[in-house]
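Subject: Model for you to look at

Hello,

Here is the structure I promised you. Please open it next to this email and follow along.

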Amino acid sequence: MTEVVIAFKGGRAWRQHQQAAKRAPTRRYPARIARQLALAHSLRRRLERGEFADFADMARQLGFTRARVTQLMDLLLLAPEVQEEILFLELPPGAQPVSERGLREAVLGTIDWQEQRRRWEGLKAAATLL
């Protein structure tokens, strides 16, 4: 026997249909912090190829402050596993549960990669990233 469901506006079947439509997969984009880390990798490659003499030259040519270039390049000090997770981090539009500054304060406070991993896990749990 076949069951036929007719969804009347305001009825239970209609509400279930509306809820299912809301649960439809939303488009996800690379997190802002992922784009900033990718930029840091790109800038490092350009520096290694000789496009810039040093960070100060890089800042002048790109219109950044030297401090900003240093902040971006500091992201490269993250443990490789943390960098990989960040680079593949995708979020719905507008959602940015962790900022670059928050990441620097929470994770980059140490150069010990094991401690960075532990702090990253804590930051993810607090920000409900994954």
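A word on terms before we start: helices here are DSSP runs of H or I with at least four residues, and they are numbered from the N terminus. By that count, Glu-100 is found in helix 6. I come back to Glu-100 below. Please keep in mind that this is a predicted model.

**Overall layout**

The chain has 7 helices and 2 strands. Read from the N terminus, their order is α-β-α-α-α-α-β-α-α. There are 130 residues, and 30% of them count as buried. Take the contacts between residues at least 6 apart in sequence: 64% of these join residues at least 24 apart.

**Helix 2**

Helix 2 covers residues 32-48.

Which residues of helix 2 are buried? They are Ile-33, Ala-34, Gln-36, Leu-37, Ala-40, His-41 and Leu-43. An α-helix has 3.6 residues a turn, so residues three or four places apart point the same way. The buried residues of helix 2 pack against helix 3, helix 4, helix 5 (80-87) and helix 6 (100-106). After helix 2 comes Gly-50. Its phi is positive, near 95°.

Start with helix 2 and helix 3. Their axes come within 11 Å and cross at roughly 115°. That makes helix 2 roughly perpendicular to helix 3, because angles of 65 to 115 degrees fall in that class. The crossing is right-handed. On the helix 2 side, the contact residues are Leu-43, Arg-46 and Leu-47. They meet Phe-55, Met-58 and Leu-62 in helix 3. By class, this contact has 5 nonpolar residues, no polar ones and 1 charged one.

Next, helix 3 (residues 55-62) and helix 4 (residues 66-74). Their axes come within 8 Å and cross at roughly 110°. Helix 3 is therefore roughly perpendicular to helix 4. This crossing of helix 3 and helix 4 is right-handed. Helix 3 brings Phe-55, Ala-56, Met-58 and Ala-59 to the contact. Helix 4 brings Arg-66, Val-69, Thr-70 and Met-73. These residues divide into 6 nonpolar, 1 polar and 1 charged.

That leaves helix 2 and helix 4. The axes come within 8 Å and cross at roughly 100°. So helix 2 is roughly perpendicular to helix 4. Gln-36, Leu-39, Ala-40, Leu-43 and Arg-44 in helix 2 meet Arg-68, Leu-72 and Met-73 in helix 4. Here the classes are 5 nonpolar, 1 polar and 2 charged.

**Glu-100**

Back to helix 6, where Glu-100 is found. Is Glu-100 buried or exposed? Its relative accessibility is 7%, so Glu-100 counts as buried. Which residues does Glu-100 touch, not counting those up to four places away in sequence? They are Ile-33, Gln-36, Arg-68, Gln-71, Leu-72 and Leu-75. Ile-33 and Gln-36 are among the buried residues of helix 2. Arg-68 and Leu-72 also take part in the contact of helix 4 with helix 2.

**Leu-78**

Leu-78 lies in the loop between helix 4 and helix 5. At 1% relative accessibility, Leu-78 counts as buried. Leaving out residues up to four places away in sequence, Leu-78 touches Gln-83, Ile-86, Leu-103, Val-107, Leu-108, Trp-113 and Gln-116. The C-alpha atoms of Leu-78 and Ile-111 are separated by 7.7 Å. Along the chain, these two are 33 residues apart.

**Pro-30**

Pro-30 lies in strand 1 (residues 29-30). With 39% relative accessibility, Pro-30 counts as partly exposed. Its contacts beyond neighbours within four places in sequence are Arg-35, Leu-89 and Glu-90. Pro-30 and Glu-90 are 60 residues apart along the chain, yet their C-alpha atoms are separated by 4.3 Å.

Best wishes

Conventions. Residues are numbered from 1 along each chain as its sequence is written. This is a predicted model: local features need pLDDT of at least 70, side-chain atom pairs count only at pLDDT 80 or more; totals for chains, interfaces and linings use all residues. Side-chain values use heavy atoms; hydrogens and water are left out. Axes are lines fitted to C-alpha atoms, for helices over the stretch in contact, and angles run from 0 to 180 degrees between N-to-C directions. Angles under 35 degrees count as roughly parallel, over 145 as roughly antiparallel, 65 to 115 as roughly perpendicular and the rest as oblique. A crossing is left-handed if the near helix is turned anticlockwise from the far one by less than a right angle, and right-handed if clockwise. Contact means heavy atoms within 4.5 Å. Ala, Val, Leu, Ile, Met, Phe, Trp, Tyr, Cys and Pro count as nonpolar, Asp, Glu, Lys and Arg as charged, and the others, Gly among them, as polar. Buried means under 20% relative accessible area, exposed over 50%, partly exposed in between (1.4 Å probe, protein chains only).
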